[in-house]
Amino acid sequence: MNIEGKKNTTVDSGIIGTDFQQPLLDEIKSVRQIDGKIDLFNDVVNWFREINYFDQERHVPFICDAKNDFIHNILNDFIPYTSSKEKCLFMGVFDEKTEEIVEHLLLEADGFDEKLFEVLGDEPLVVLQ
């Protein structure tokens with residue numbers, strides 16, 4: 001995966017077997033702080049349900065632990081942001097046609113609920129179906 005931005009920053013990884021280009025954001029506009037734990041259903045699933053133009057043939061929803069060293073290094077170039085919370089979850093929708101992340105949200109919290117830990121497992125990035 002290549003993430004190329006306005007500042008010609010490129011990050012390589014083997015998480016997804018495709019290349020995409022996404023401009024670097026000057027600031028992250030979608031950050032939500034949660035007191036307590038991030039709840040898989042209330043915080044994650046409901047956010048994806050709010051996206052009313054979602055096309056399963058074109059859009060790929062994903063989540064990743066933004067505090068994972070590997071993901072943090074990629075996101076740091078993509079979204080320069082430092083959290084003071086213990087856990088951070090980056091959620092987004094990748095558009096395969098335009099090769100862009102068209103929606104994203106960074107959740108900050110004191111922890112993840114058990115269901116979210118189960119979904120993430122040991123993977124740095126999880127594509128949702």
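I looked up Asp-110 and found it partly exposed, at 44% relative accessible area (buried means under 20%, exposed over 50%, partly exposed in between, with a 1.4 Å probe and protein chains only). This is a predicted model, where local features need pLDDT of at least 70, side-chain atom pairs count only at pLDDT 80 or more, and totals for chains, interfaces and linings use all residues. Residues are numbered from 1 along each chain as its sequence is written, and side-chain values use heavy atoms, with hydrogens and water left out.

Next, salt bridges. I searched the whole structure and got three (a side-chain nitrogen of Lys or Arg within 4 Å of a carboxyl oxygen of Asp or Glu).

Asp-110 pairs with Lys-85, closest N and O atoms 3.5 Å apart. I placed Lys-85 in the loop between α2 and β4, and Asp-110 in the loop between β5 (100-109) and β6 (111-112), 25 residues apart. Helices (H or I, at least four residues) and strands (E, at least two) are DSSP runs, numbered from the N terminus. Lys-85 is buried, at 14% relative accessibility.

Lys-85 also meets Asp-35, 3.7 Å from N to O. Asp-35 sits in the loop between β1 (31-33) and β2 (37-38), 50 residues from Lys-85. I read Asp-35 as exposed, at 73%.

I then checked for shared partners: Asp-35, Lys-85 and Asp-110 join into one network.

Last entry: Asp-95 and Arg-58, with closest N and O atoms 2.9 Å apart. Asp-95 lies in strand β4, and Arg-58 in the loop between α1 (40-49) and β3 (59-65), 37 residues apart. Asp-95 is buried at 3%, whereas Arg-58 is partly exposed at 27%.
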